[in-house]
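Here is a friendly briefing to read alongside your model.

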Amino acid sequence: MHNDIEPISHENKQLQQLDKLQREYAVKWEVSASAHQQEGDYEWLAADLEECHSVLEIGCGAGHSTLSLLAGGHRVTVVEENPHCIELTRDRLEQAGYRVQVMLRGNPEALDSGYEVAYGDVGTVENVDCVLIEGDVLEDAKLSAWLSKHERFDAVICWMMGTHQYRGHDGVLVARKITEVWQYRIFVQNEVYDLAEIVLRSGGILSVADRLETPSTERMHNSIMQNHREQASTTSLQVRKLRHKPYSLDRVEGGVQMVVTLPTDGSSADREFSSSLCVVTSVKP
């Protein structure tokens with residue numbers, strides 16, 4: 001009788017690494033998001049959405065932001081590429097008494113140097129408080145088609161965009177030679193602007209939040225606004241307002257290490273600076 005262990009294939013190693021790092025990110029972000037919740041950050045971010053009933057959330061993390069939106073009376077549809085984040089979010093929302101529908105659609109496949117995910121159809125939405133859809137705003141044709149036919153949303157939000165360490169091996173990012181965190185954030189935000197143009201009702205709001213150098217001068221404030229105007233230039237969205245508050249959670253023990261996206265103002269990147277949580281709101285005419 002032989003007890004040989006079958007060697008792990010290259011494909012299985014790729015997918016195991018993907019699953020491992022997705023899981024690790026979800027656990028670490030739960031720690032960081034708890035700190036944000038204690039700081040009141042999600043309530044602060046949601047202050048612009050008081051008149052919005054239906055919200056499309058891009059990325060749910062561990063569900064703290066989603067829970068805050070539901071507690072504020074919003075009905076939420078989430079698009080999240082990390083299934084472990086979806087699992088944590090579902091548990092958090094259901095424990096709070098909300099009705100949740102989950103659509104797991106991803107089928108990851110190994111590539112020579114990474115992976116890609118094939119997504120199935122988006123199912124029929126049930127009468128629930130929150131729908132959690134596994135999907136990707138970067139390249140998910142079936143999701144895009146479904147959203148284009150969906151009833152228009154009152155708001156789209158993309159708050160504190162982050163991802164797992166294996167995301168850079170996604171074929172979509174590899175093809176576009178995206179290797180830096182700030183490049184990834186801008187790439188996602190650009191896609192979110194284009195998506196908001198399609199899915200927002202007239203008068204609807206796009207809310208984009210990021211960790212930035214504190215806009216303490218008029219020049220820095222204008223630089224951030226101009227960056228967003230450039231992102232919105234392919235749409236009809238009008239960039240309206242920038243709010244900010246001090247950000248002091250760069251290093252939460254056991255959490256995700258935060259990277260601040262600095263505006264391009266010609267100054268040295270390694271100088272001392274203060275960081276803020278900044279949220280820019282745009283409106284669809």
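Buried means under 20% relative accessible area, exposed over 50%, and partly exposed in between, using a 1.4 Å probe and protein chains only. This is a predicted model, where local features need pLDDT of at least 70, side-chain atom pairs count only at pLDDT 80 or more, and totals for chains, interfaces and linings use all residues. Residues are numbered from 1 along each chain as its sequence is written, and side-chain values use heavy atoms, leaving out hydrogens and water.

**Cysteines**
- Cys85 is buried, at 1% relative accessible area, and Cys158 is buried at 0%.
- The whole structure holds zero disulfides (pairs of cysteine sulfur atoms within 2.5 Å).
- For Cys85, the nearest cysteine sulfur belongs to Cys60 and is 5.9 Å away.

**Asp41**
- Asp41 sits in helix 2, residues 41-45 (helices are DSSP runs of H or I, at least four residues, and strands are runs of E, at least two, numbered from the N terminus).
- With 4% relative accessibility, Asp41 counts as buried.
- Its side chain makes a polar contact with the side chain of Lys245 at 2.8 Å (a pair of N or O atoms within 3.5 Å, where within protein one must be able to donate a hydrogen and the other to accept it, and residues adjacent in sequence count only if both atoms are side-chain atoms).

**Lining of the largest cavity**
- Helix 1 gives the most to this lining, with three residues.
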